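Hello,

Here is the structure you will be working with from now on. Please look it over, then read the notes below.

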Amino acid sequence: MEFPRIPLGQWIEGGLDFLTSEYSVVTRAISRVTQTGIEALNDSLMWLPEWVLMALIALLSWKVAGTRLAIGAAAGLALIWNLELWDPMIESLTLVVIATLVAVSIALPVGIAAALSERLYRTLMPVLDFMQTMPAFVYLIPAIPFFGIGSVSAIFATVIFSMPPAIRFTTLGIRQVPTELIEAADAFGSTRKQKLLKVQLPLSLPTVMAGINQTIMLALSMVVIAAMIGADGLGNEVWRAIQRLRPGDGFEAGIAVVILAMILDRLTQALRK
Amino acid sequence: MTDTQSVKIKVRNLSKVFGSNPKKGLELRDQGLKRPEIFEKTGLTLGLSKIDFDVHEGELLVIMGLSGSGKSTLIRCLNRLIEPTEGEIVIDGEDIPQLSDKELLECRRRHFSMVFQNFALFPHRTVQQNAEYGLEIRGVAKEERAEKARNSLKQVGLDGWEDALPNQLSGGMQQRVGLARALANDSTVLLMDEAFSALDPLIRKDMQQELLELQHRMKKTTVFITHDLDEALNIGDRIILLKDGEIVQIGTPEQILTQPADEYVERFIEGVDMSRILTARNAMRPVRATAREDDGPRTVLRKMSENGLDSIYVTSRERKLLGLVEVDAADQATKEGKQDISSVWHQDFACVGPDEPLHNLFAMFSEKSFPIAVVDEDKRLLGVVVKGAVLAELAESGDN
């Protein structure tokens, strides 16, 4: 006798169909809000003349990390502008910023809760493993029925893919606070909230920032992939180059991604210190 | 001496079992099983068993024991950083194990401040902000807490360091911050968990001395944990000796040394340098004879020869020590026909209080051959110490 194949895929599709049809109001609302946010940020970044934004980013780099990063950032952005990739770069940047904001605003409370509750920690960790190891492309598929083709789906997939490190590092950071300091906070009669705000969070901040840095990097890589479901930006340039078999265009867009990644990475790393 | 003091904390029948079914551990203990047997049977650790003691108002109580004796558990049970399994801990009428979470917070804020072995300073806060912590979480107004924190920093000799971060300070200074943080809180009880154990020996001695001075000034009820008997004997008004989660002996340093409760305590005190612990009072002998200030030289000579002395202390009517007359000088005065001895006594001899440690007396013997006079605060002669008596006292305590 042959053991029947388990219809795992069908179950998942059934579940997704159910969610799409029953919660269409919710998904549509999310979609509209997100779309508005994306457009607002994108438009304002686009509205700034290129050289102004370049100068602003260079100034920020100089403030946070010093002259070297300021010069590097200015040169990199100038190259992107010269390659006529400025607009797609802004589109990618917008998606990264919005996805990171959403991911971090979910990840911080979840990470804190997981650090304080052993039970939540144990149930959450396998979920995070799942989220991180599932091939990133897979998230693109259910995103479409939920939010349709375009940037909102890209944000959804990006948030899911990039959130785990921020949760993990937040939890880790809080758990790493030495027991003696927790005891000291307790011994003086701190409430849980006081302990969290005055001791645990400030001491875990460098670790939390490392997690946010990771989230930004993952978000950038996912935003590029999300071009497959119609997200605008540098990923779209790469995707077009693949379809037309034009390696030159592909590398140009790829280099622009690398420049953007390095600026974001160095900036957030410098913020840690 | 402790009878007159009121009880600040009353601990009765306190036990702590670590593990998932602690009541089972207590049952087995009540059936007469010991700590290792309970662990072997159930995996439970009997941390503390049937601890009874009082902490008196204003005293410095030392709880001492080796690692694993349960001393850290005991001090943490007092403010419930560790939940006791059974027993009473009563402070000002409140039974701490019975308090709700909210009452416990209130109780910790009012009654307890703690100083930790590895300082446990908040590294992201300045010295001043560390000292303010306890007041800050109680919601004390900004100026008031800054003022109190500055005062307590001054008390531990750290004025001028308010804006430093803890990692810019040496170990000894960091622990002063820990002490200042505890003092600023103005709680009724100070808990010190191996507070000086992480410091190097010289700094440690200084800190002990400073704690004694602070204690003398402020009369703060203090529970001090240590594994070091020398430290316990040096600073403790009373000492509780713990072993395997049970109390072996409670007593003053002198009681612990002179009447050890059992072999365990005896072995413990073997390593102590008795000359640092015993004082002039222990080796003091009553004075066999003294000269009065209005005695004539002839009388003095007779007193000396009757008692086989070649020098004699002269006292006033109120037994105040005036000086020392040597046999040669008395003889001379007799020959010269003097009527009193006021011109022949001198003050060239060693004179100590009854609490002078014996080891300080050795040096005095090598300078002078006279017996050392022991006097009280009013200069009244209490007794004398001769070299032989010091050595005999040391030998005797060593044998015990």
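In chain A, α6(A) and α8(A) cross in a left-handed sense (left-handed if the near helix is turned anticlockwise from the far one by less than a right angle, right-handed if clockwise). Helix α6 covers residues 118-133 and helix α8 residues 151-175; their axes come within 9 Å and cross at roughly 145°. Axes here are lines fitted to C-alpha atoms, for helices over the stretch in contact, and angles run from 0 to 180 degrees between N-to-C directions. Helices (H or I, at least four residues) and strands (E, at least two) are DSSP runs, numbered from the N terminus.

From α6(A), the residues A:Tyr121, A:Leu128, A:Met131 and A:Gln132 meet A:Ile160, A:Pro164, A:Ile167, A:Arg168 and A:Thr171 of α8(A). Two residues are in contact if their C-beta atoms, placed from the backbone, lie within 7 Å. By class, the contact of α6(A) with α8(A) has 6 nonpolar, 2 polar and 1 charged residues. Ala, Val, Leu, Ile, Met, Phe, Trp, Tyr, Cys and Pro count as nonpolar, Asp, Glu, Lys and Arg as charged, and the others, Gly among them, as polar.

This is a predicted model: local features need pLDDT of at least 70, side-chain atom pairs count only at pLDDT 80 or more, and totals for chains, interfaces and linings use all residues. Residues are numbered from 1 along each chain as its sequence is written, while chains are lettered from A and ligands numbered from 1 in the order in which they are written.

Among the residues that make the contact are A:Gly76 of α4(A) and A:Arg266 of α12(A).

Between the chains, 14 residues of chain A are in contact with 17 residues of chain B. On the chain A side, α9 (179-187) and α10 (192-225) each give two or more residues. The largest share, 6 residues, comes from α9(A).

Chain B has 17 helices and 16 strands. Its C-alpha atoms fill a box of roughly 90 × 60 × 35 Å along the principal axes.

Regards
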